[in-house]
Amino acid sequence: MKHADTPSSAALFKRACRVMPGGVNSPVRAFKAVGGTPVFIERGRGSRIYSADGRELIDFCGSWGPLILGHAHNKVVEAVRMAAAKGLSFGACTRAEVELAELLRARIPYLEMVRLVNSGTEAIMTAIRLARGFTGRKKILKFDGGYHGHMDCLLVSAGSGLLTSGIASSAGVPEGVVADVLVAPYNDLDAVALLMKKYSHDVAAIIVEPVAGNMGLVPPVPGFLEGLRKLTADKGALLIFDEVITGFRLGPTTYGVLCGIKPDLTCLGKIIGGGMPMGAVGGLAEIMKRLAPLGAVYQAGTLSGNPVAVAAGLSTLKVLIAENPYAAIARRAKKVSDWFENRMFSKRLKAHCANIGGMFTIFFCERGVRNLADAKRCDTRRYARYFHGMLERGIYLPPSQFEVCFISAAHTDEDIDCFLGATGEILPGNASR
Ligand SMILES: Cc1ncc(COP(=O)(O)O)c(C=O)c1O
């Protein structure tokens with residue numbers, strides 16, 4: 001129920017636009033890709049969020065990934081409450097941060113040492129500097145449509161918000177900063193091999209989302225990640241897995257552990273902060289020891305290892321390990337994907353569902369999205385209509401075709417039935433819609 005004294009989303013957005021660029025603190029929230037007014041959220045509980053307009057929505061965005069346990073999970077909230085009562089920040093060492101680092105190491109054996117930071121972007125920034133410092137080389141190879149946060153040098157053909165805004169890169173990034181960044185199509189090992197041959201001993205690292213999540217969901221084709229591992233090892237470059245989305249998303253560990261490929265450095269974020277600002281970079285001790293104060297690669301942070309964020313992350317990971325909800329989450333996502341497989345696609349609708357574990361994307365194009373160029377063939381206007389149709393029916397999706405839907409441990413079979421029921425009403429198998 002909307003209270004009479006609560007401003008509506010439209011009224012709040014109008015106010016926000018006066019004092020915040022685009023009315024938002026992160027571009028994709030502005031609904032530019034789907035049109036309309038962003039929904040302002042008052043609170044969340046389990047699989048539901050409640051808007052300023054008094055609406056209850058089933059949330060498939062999950063704060064863009066961190067909320068694998070759903071909103072306001074009792075144990076996480078209690079851990080945060082207890083930590084906050086003891087002090088919000090010390091800028092000094094705490095036992096909890098050691099516990100979190102130990103837990104990460106226990107779940108990810110190749111993460112021999114870890115540094116906690118405040119966001120995924122910071123983790124990536126640190127990993128890139130570390131890779132350059134360790135190898136003494138300058139060039140970084142990334143993939144088109146791979147998003148690694150908003151650090152200058154990786155805003156080259158970046159996906160996510162940048163993609164939907166229709167800009168290939170960002171203003172304000174000097175040419176020199178991106179001059180040492182090579183860009184290859186995702187899933188294209190031949191292109192990588194070519195670049196690695198050409199720049200042979202100049203490449204410090206390849207950075208990759210092992211499962212791409214910022215051009216919509218695009219899993220790696222068989223052999224792709226293995227090939228990257230081999231090419232980097234052969235050329236003395238580091239392999240960096242950006243697991244900011246996939247860390248603890250597909251199992252109580254990283255995707256690297258699950259698929260048996262050992263990167264040199266791993267970046268984490270989202271879930272390991274349980275909904276609080278948190279990131280981490282970790283990997284082989286030999287490399288991590290190059291970080292200050294042991295080594296010459298500088299990195300620091302006033303709020304790094306913040307006790308409240310650490311409490312949220314630790315409690316989230318402990319619940320995930322104790323309850324192991326991954327099979328149930330994956331089963332629910334598969335129900336969505338099977339539904340598309342059996343129904344929409346068989347009716348020759350140009351839409352399909354990419355799925356892995358509890359992650360999925362409804363692509364409005366034919367099957368076989370392997371990289372950004374494929375994803376760009378999607379009918380984004382149809383996605384926008386689908387998005388608003390779902391919103392009208394009480395389902396909150398990411399406001400862009402090029403993002404991932406997340407299922408949490410709090411989603412129920414009924415939530416999935418609601419999702420499919422609404423989808424069925426909007427997409428009745430008519431390709432012209
Ligand atoms: C794969 C990936 N890496 C890095 C980031 C940046 O993380 P943050 O937004 O916490 O800075 C994101 C954000 O969505 C991401 O999806």
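What share of the 433 residues of the protein chain count as buried?

## Overall build

In this predicted model, 49% of the 433 residues of the protein chain count as buried. The chain has 15 helices and 14 strands.

A compact globule with 433 residues would have a radius of gyration near 22 Å, and the protein chain agrees with this, since its value is 21 Å. Taken along the principal axes, the box filled by the C-alpha atoms is roughly 55 × 55 × 45 Å. Among contacts between residues at least 6 apart in sequence, 73% join residues at least 24 apart.

## Around the ligand

The ligand is surrounded by 16 residues. Ser 119, Gly 120, Thr 121, Gly 149 and Val 244 are the closest. Helix α4 (residues 120-135) gives the largest share of this shell, with three residues. Sorted by class, the shell holds nine polar, five nonpolar and two charged residues.

## Helix α15

Helix α15 covers residues 413-426.

Four residues of α15 are buried: Asp 415, Ile 416, Phe 419 and Thr 423. They lie on the same side of α15 because they cover an arc of only 100° around the axis. The other side of α15 carries exposed residues, namely Asp 413, Glu 414, Asp 417, Gly 421 and Glu 425.

Definitions and conventions. Residues are numbered from 1 along each chain as its sequence is written. This is a predicted model: local features need pLDDT of at least 70, side-chain atom pairs count only at pLDDT 80 or more; totals for chains, interfaces and linings use all residues. Helices (H or I, at least four residues) and strands (E, at least two) are DSSP runs, numbered from the N terminus. The expected span of a helix is 1.5 Å times one less than its number of residues. A residue is buried if 20 or more other C-beta atoms lie within 10 Å of its own, exposed if 12 or fewer, and partly exposed in between; C-beta atoms are placed from the backbone. The arc is that of the directions from the helix axis to the C-beta atoms. A residue is near a molecule or strand if its C-beta atom, placed from the backbone, lies within 6 Å of it. Ala, Val, Leu, Ile, Met, Phe, Trp, Tyr, Cys and Pro count as nonpolar, Asp, Glu, Lys and Arg as charged, and the others, Gly among them, as polar. The radius of gyration is taken over C-alpha atoms; the globule rule is 2.2 Å times the number of residues to the power 0.38. Two residues are in contact if their C-beta atoms, placed from the backbone, lie within 7 Å.
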